[in-house]
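Hi,

Here is the structure I said I would pass on. Have a look at it first, and then read my notes below.

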Amino acid sequence: MLRVRVAVALVLGVVWVSAALAQPAPANPLWHEQKIKNYLPHMTSPEVADLLTRTDMVILPVASLEQHGLQGPIGTDFLSGLERAKLIAQRTDVLVAPILFPGNSPYHMAFPGTITLPSETIQLVYFQAAQSLLAHGFKRFLILNSHAGNSATVQYIVDRINQETAGIAVELDDAAQPFLKRPPRQGPPAFDRHGGVSETSRSLYLTPNLVNMSVARTAPLTLRPHLEKILPEVVAGDPTATRVFLAEALKAASTGKGTSTKDMTETGVWSALDVKAATAERGRDETEASVNAAVAFIERWKQLRPSGLK
Ligand SMILES: [Zn+2]
């Protein structure tokens, strides 16, 4: 009888242990990311050392945290730049090193959630981050700007790296421009900028579950009369009209120009198109065109200047 009891206890013990072993380890229910190749926050230090044997190139996305209409997340620019950089890095070896979420967005500050940093701060943080990467052996920097308000800051970061360090820097979209095959335009030319059809389409492709199209709404443009008057020339692509329009528009309320986002659009969408026309298909086509162009530029740079040169 005792032997039977011992045997039963043993069998139960084995069943209990194997049931416990079959349980998956507890995991954060919010964690759904896969490990992404060449994406610095996901990599181990030995993996970074291994990547350095194949490339000395790094993409630094420069982003923003700012309102994107009623439909788009505050992180739209951060996410769109980062996701594009990750897609590029799956096609050709290059490190993706995100540094900051926010950028220079003072003209969106009337909308809750926007965070803006002075351009002096942004350039300094990226310049210092580049110095860390240089110390590890990265030499070539591709600055991927996903927010137009950072344009001047990004040019300064590129210039500081080139003039003051052993590093070599370019602005990625600028460098990739000759390789860009734009998808055919849909419809006649139209004013469509911040949070508009094009940008929202890209978000619908890159981060679909973060866009709420059920509330998407374009507000009528409320431009100052002299800006409204030259808008048709801007839409037609007149370079001088576009230059003077953008020099004055989208500026902080504190400048007194009356051209902050809130002054020009109640919803934050700065477009003459109905933003509901955004589609993931258009977003895919635009994203693929820019990723292809960036990869083509990087491959060409690798040919023109092999990795490992001092
Ligand atoms: Zn944006």
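**Aromatic pairs**

The structure holds five aromatic pairs, where rings of Phe, Tyr and Trp (its six-membered ring) count as a pair if their centres lie within 6.5 Å, with planes under 30 degrees apart called stacked, over 60 edge-to-face and the rest tilted. One of them is F191 with F245, an edge-to-face pair at 5.8 Å centre to centre and 75 degrees between the planes. This pair links distant parts of the chain: F191 sits in the loop between α6 (172-176) and α7, F245 in helix α9, and 54 residues separate them. Helices and strands here are DSSP runs numbered from the N terminus (H or I with at least four residues for helices, E with at least two for strands).

F245 also pairs with W270, this time stacked, at 5.9 Å centre to centre and 15 degrees between the planes. That one bridges distant parts of the chain too, from F245 in helix α9 to W270 in the loop between α10 and α11, 25 residues apart. Taken together, ring pairs join F191, F245 and W270 into a cluster.

Are F191 and F245 buried or exposed? Both are buried, meaning under 20% relative accessible area, with exposed being over 50% and partly exposed in between (1.4 Å probe, protein chains only). F245 has 0% relative accessibility, and W270 is likewise buried with a relative accessible area of 0%.

**Before you go further**

A note on provenance: this is a predicted model, so local features need pLDDT of at least 70 and side-chain atom pairs count only at pLDDT 80 or more, while totals for chains, interfaces and linings use all residues. Residues are numbered from 1 along each chain as its sequence is written, and side-chain values use heavy atoms, with hydrogens and water left out.

H68 is in the loop between β1 (57-62) and α3 (76-91), while E199 is in helix α7 (residues 197-206), so to speak a link between distant parts of the chain, 131 residues apart. H68 and E199 are both buried.

**Helix α7**

The helix that carries E199 is worth a look in your viewer. Eight of the ten residues of α7 are buried, so the helix is largely enclosed by the rest of the structure. The buried ones are V197, S198, E199, T200, S201, S203, L204 and L206, and they pack against α3 and α11 (280-304). Contact means heavy atoms within 4.5 Å.

S201 lies in helix α7 and has 0% relative accessibility. Leaving aside residues up to four places away in sequence, S201 touches A278, T279, A280, R282 and G283.

**Backbone points to check**

N38 is not a glycine, yet has a positive phi of about 65 degrees. N38 sits in the loop between α1 (2-22) and α2 (45-52) and is buried, with a relative accessible area of 3%. L250, also not a glycine, has a positive phi of about 55 degrees. L250 is in the loop between α9 (239-248) and α10 (261-264) and counts as buried at 15% relative accessibility.

**The chain as a whole**

The chain has eleven helices and four strands. Its radius of gyration is 25 Å, well over the 19 Å that the globule rule gives for 310 residues, so the chain is more spread out than a compact globule. That radius is taken over C-alpha atoms, and the rule is 2.2 Å times the number of residues to the power 0.38. Buried residues make up 44% of the 310.

Cheers
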